[in-house]
Amino acid sequence: MAITYLKRGKSDAARAEDNAKTRATVEATLADIEARGDAAVRDLSEKFDGYAPESFRLSQAQIDALIGELTEREIADIKFAQKQVVAFAKAQRASMLDIEVETLPGVILGHKNIPVQSVGCYVPGGKFPMVASAHMSVATAKVAGVPRIVACTPPFKGKPNPAVVAAMHFGGADEIHILGGIQAVGAMAIGTESIEAVHMLVGPGNAFVAEAKRQLFGRVGIDLFAGPTETMVIADETAADPELCATDLLGQAEHGYNSPAVLVTNSRALAEGTLEEIDRLLKILPTADTARVSWEDYGEVILCDSYEEMREIADEIASEHVQVMTDRDDWFLEQMTCYGALFLGPRTNVANGDKVIGTNHTLPTLKAGRYTGGLWVGKFLKTHSYQKVLTDEAATLVGEYGSRLCMLEGFVGHAEQCNIRVRRYGGVNVPYGAAAPYREAAE
């Protein structure tokens, strides 16, 4: 078995150095927001976005006016995409059931799925207005039943982007603020004079937004730790060609200057042809200035001997988006365990998944696919357990076992919680601070 890199990206050490600089900037900025509130947010917005209106929160009249700038076709397209996302989120929500079971006579255990009570949804938009991200966060939170949804997006070319605002509004946002970057997620998580703090932050963003979410985790919940967009194409000669592979790799590399794009194949001809095709497309792609940097610094082409090797390297990298174009796509679906989302077959592509097909596009990066999936309706729900002991017999039975097990660990006060119930409901005289006696009847 042999795995050959025809092209490698930046080393992990180089990436770590970049991350350290971002970490320090974010830490100082969040401290400023906590200390100065709205004043810090305003200063940051003016500095980075050249935008400092009287109020960052849009009024209903402003929202209506922005939606009025869109054509009927644009509104219909936004609503079509949002309908697909909502439909899939509703199907996912229906799969999550509250349960209640009687595990012993008189002992009732259960759990309830309760929505997070307030969520801050960040929708990127400084470089590209990410209309679809509003569906993925705002609309999905609405399906989950979140009572208060706050949405923030940066100004686009100095003013609110009508399409993003429309998607937020149609999705069910209760508050829409034109704020970007660290100042947006910081204000939503920490709270300011004008923005009440939320319980959870969701949504993608640049490296500074991602780092801000990481530092705020614990004070608030987050959907996941997100890094730059990643894509992987797993392909063989039976289902893909160089143009298809190159197009799909560069389609995600244009996200930013540090978006990894990886081809994994068992065909040297396909690998070399894709490298040539990427060079050709970079001469005509309008976003080549960005895509070229990502490809040169983070692009990789990995040649494998077998499909099993292809699967192994794919699970090791655990890319955010994994396109599979082979003669055994379902085999990869069954065998792969670490990824953000799979896109199976040459008719499928990441762009459709990002924008319209219905699955959520906020996905794990930086190998996080090894331990978590992406944003979905379940992320907005907290599963809380409860218990009821309904009979004296059950209270005595469980209490006796609980007493002895607490004493086994040395927790005398815990044992007394059990003992007092054994005495009251079972009539058993347990000495204070002792373990309940074993009785055959307890079985």
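These legends describe close-up views of a predicted model. Local features need pLDDT of at least 70, side-chain atom pairs count only at pLDDT 80 or more, and totals for chains, interfaces and linings use all residues. Residues are numbered from 1 along each chain as its sequence is written, and side-chain values use heavy atoms, leaving out hydrogens and water.

**View 1. Arg23 and Glu211 form a salt bridge.** The N to O distance is 4.0 Å. A salt bridge is a side-chain nitrogen of Lys or Arg within 4 Å of a carboxyl oxygen of Asp or Glu. Glu211 sits in helix α8 (residues 207–216) and Arg23 in helix α1, 188 residues apart. Helices (H or I, at least four residues) and strands (E, at least two) are DSSP runs, numbered from the N terminus. Glu211 is buried at 9% relative accessibility; Arg23 is partly exposed at 36%. Buried means under 20% relative accessible area, exposed over 50%, partly exposed in between (1.4 Å probe, protein chains only). Arg23, Glu211 and Arg214 are linked in a network of salt bridges.

**View 2. Arg219 pairs with Glu34 in a salt bridge.** Their closest N and O atoms are 3.0 Å apart. Arg219 lies in the loop between α8 and β8 (221–222) and Glu34 in helix α1, so the pair ties together parts 185 residues apart in sequence. Arg219 is partly exposed, at 46%. Glu34 is partly exposed too, at 47%.

**View 3. Glu175 forms a salt bridge with Arg148.** The closest N and O atoms are 2.9 Å apart. Glu175 belongs to strand β6 (residues 175–178), Arg148 to strand β5 (residues 148–153). Glu175 is buried, at 10%. Arg148 is buried as well, at 15%.
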